[in-house]
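Morning, everyone. Please take a look at the structure on the screen, and I'll walk you through a few aromatic residues.

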Amino acid sequence: MEWWLGLPRVAGLFVLTALAEIIGCYLPWLVLREGRSLWLLAPAAVSLALFAWLLTLHPAAAGRVYAAYGGVYVSVALLWLWLVDGIRPDRWDALGCSLALAGMLVIMFAPRA
């Protein structure tokens, strides 16, 4: 099978994984930095458990998945910065994100024996 046929599934899985991690970390941040309710820690724990489970669904070896996941995490975090924090990423954010995603593609889809 051509590598690009699996790209939508892997990309979607990486995005879901990143969202689960970001939400799982953002909710405690709200509690600790913004004085929000301690009850936010319960959905944060569920989100982080979901994050860990989603990592097991990726089609590559764990170390390779963790390395490649970083590229997608960067892009989803910048999207979060824009949509949730209200700060528009600048051209340097876009350049860094592009480099991180390029690295992710190399790690995940390089031809291997």
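I'll start with the aromatic pairs and then turn to the record.

Keep in mind that this is a predicted model. The count here is 5 aromatic pairs.

Take phenylalanine 14 and tyrosine 69. Their rings are stacked, 6.3 Å centre to centre, with 25 degrees between the planes. Where do the two sit in the chain? Phenylalanine 14 is in helix 1, residues 7-34, and tyrosine 69 is in helix 3, residues 62-83. That puts them 55 residues apart, so the pair links distant parts of the chain. Both phenylalanine 14 and tyrosine 69 are buried.

Now stay with tyrosine 69. This residue also pairs with tyrosine 73. That pair is tilted: 5.9 Å centre to centre, 55 degrees between the planes. Both tyrosines lie in helix 3, 4 residues apart, about one turn of the helix.

Tyrosine 73 comes out at 28%, so it is partly exposed. The cut-off for buried is under 20%.

Phe14, Phe51, Tyr69 and Tyr73 form one aromatic cluster.

Last, the record. An unreviewed UniProt entry lists "transmembrane region" for residues 12-31, 38-60, 66-84 and 91-110. In the model, residues 66-84 are 95% helix and 0% strand, with end C-alpha atoms 25 Å apart. Residues 91-110 are also 95% helix and 0% strand, and their end C-alpha atoms lie 28 Å apart.

Technical notes
Residues are numbered from 1 along each chain as its sequence is written. This is a predicted model: local features need pLDDT of at least 70, side-chain atom pairs count only at pLDDT 80 or more; totals for chains, interfaces and linings use all residues. Side-chain values use heavy atoms; hydrogens and water are left out. Rings of Phe, Tyr and Trp (its six-membered ring) pair if their centres lie within 6.5 Å; planes under 30 degrees apart count as stacked, over 60 as edge-to-face and the rest as tilted. Helices (H or I, at least four residues) and strands (E, at least two) are DSSP runs, numbered from the N terminus. Buried means under 20% relative accessible area, exposed over 50%, partly exposed in between (1.4 Å probe, protein chains only). UniProt positions are given in the numbering used here, feature names are shortened, and annotations may be inferred rather than shown by experiment.
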